[in-house]
Amino acid sequence: MIKPFKIVELVDRPDGLRVARFEVYRMDLSPNGKRVMNRMRAELLIPAGADPDQHLFQQLSSAGWF
Amino acid sequence: MSEVYVLNGVSRQVYDPNSNEGQALFSQLTSKFPWVNIHEYFGISSATGHEVLGEPVITCNIHQAMVREISSGQNLIASRKFCMNSATSFIRLYGLFTDQKPAWMPPSVKVMCKGVNLPEINRFFPALADSFHDLYFSGDPDEVEAAFSLPRLRGEYETFYGATVVDGQPVRVKQYLYNEQAGFSDWDVVFYLHCKMAGRLDLL
């Protein structure tokens with residue numbers, strides 16, 4: 001399964017949530033017309049019982065990454 | 001236009017995404033796949049009927065920087081295939097061919113790459129894409145044409161071939177014709193480069 005992001009680490013929290021540390025990338029055009037790879041490293045809280053990949057995909061889609 | 005492949009008398013052409021033809025093809029594509037990001041690609045093909053998938057397919061060649069992300073640096077090249085009737089898609093990763101050459105390949109053939117089809121998260125995947133893979137090879141044109149009952153077709157600069165394999169047997173063979181040196185034309189050079197980078201000069 002190909003994913004446009006990579007979950008580097010999943011950390012369980014005592015409250016049942018999980019922290020996903022991830023990297024996401026996207027190719028764009030810079031203002032001078034050259035292709036650039038934009039990358040972001042960040043963390044996202046994953047609700048209890050949620051699939052981390054699906055949750056991340058939905059959140060990043062909503063944010064305009066894909 | 002930098003590449004032509006011919007299959008059953010029908011040719012498929014690859015265009016620069018910024019050319020008029022490329023722009024028109026991307027318009028077609030985004031009407032069915034609104035999530036397509038044109039900046040990821042350096043080539044887009046005309047739609048070609050696919051015998052196994054049973055529908056027209058547009059192929060987009062993915063930039064190397066994206067390929068490295070997709071494949072963790074393990075593959076030579078990648079493309080995204082768009083099935084225009086079913087609105088499904090998949091990634092094809094082209095890796096070094098490390099298996100034994102199939103017995104049905106003529107003696108002069110050198111298999112360089114194997115293309116496998118992979119689904120992407122939250123994108124509809126055509127189930128039939130799991131049923132085949134492609135082998136990309138060079139060989140003596142006379143011998144290859146005779147072995148696969150192909151028409152006599154040669155690029156002025158270079159000629160390569162691709163076989164689609166189902167259940168271990170070839171179901172179609174594509175002839176890739178290059179009339180001049182261009183971005184797509186030197187498969188043998190790319191093969192050597194990736195063998196060397198992978199520490200697999202034994203594959204040459």
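**Salt bridges in a predicted model**

Let's start with one residue. B:Glu145 is buried, at 7% relative accessible area. Keep in mind that this is a predicted model.

What does B:Glu145 meet in a salt bridge? The partner is B:Arg154, with N to O at 2.8 Å. B:Arg154 is partly exposed, at 30% relative accessibility. So this salt bridge joins a buried side, B:Glu145, to a partly exposed one, B:Arg154. And the pair does not stand alone. Shared partners tie B:Asp142, B:Glu145, B:Arg152 and B:Arg154 into one network of salt bridges.

A word on the general idea. Side chains of opposite charge can pair when their charged atoms come close.

How many salt bridges does the structure hold over all chains? The count is 17.

Now to chain A. A:Lys3 forms a salt bridge with A:Asp53, and their closest N and O atoms are 2.8 Å apart. Where do the two residues sit? A:Lys3 lies in the segment before strand 1 (5–12) of chain A. A:Asp53 belongs to helix 1, residues 52–62 of chain A.

Buried or partly exposed? Take A:Lys3 first: partly exposed, with a relative accessible area of 29%. A:Asp53 comes in at 19%. The cut-off for buried is under 20%, so A:Asp53 counts as buried.

One last pair. A:Asp28 and A:Arg26 meet through their side chains in a salt bridge, 2.9 Å from N to O. A:Asp28 has 16% relative accessibility and counts as buried.

That's the tour. Thank you.

Notes: Residues numbered from 1 in each chain as written. Chains lettered and ligands numbered in written order. Predicted model: local features only at pLDDT ≥ 70, side-chain atom pairs only at ≥ 80, totals over all residues. Heavy atoms only, no water. Salt bridge = Lys/Arg side-chain N within 4 Å of Asp/Glu carboxyl O. Helix = DSSP H or I, 4+ residues; strand = E, 2+ residues; numbered from the N terminus. Buried < 20%, exposed > 50% of the residue type's maximum accessible area, 1.4 Å probe, protein only.
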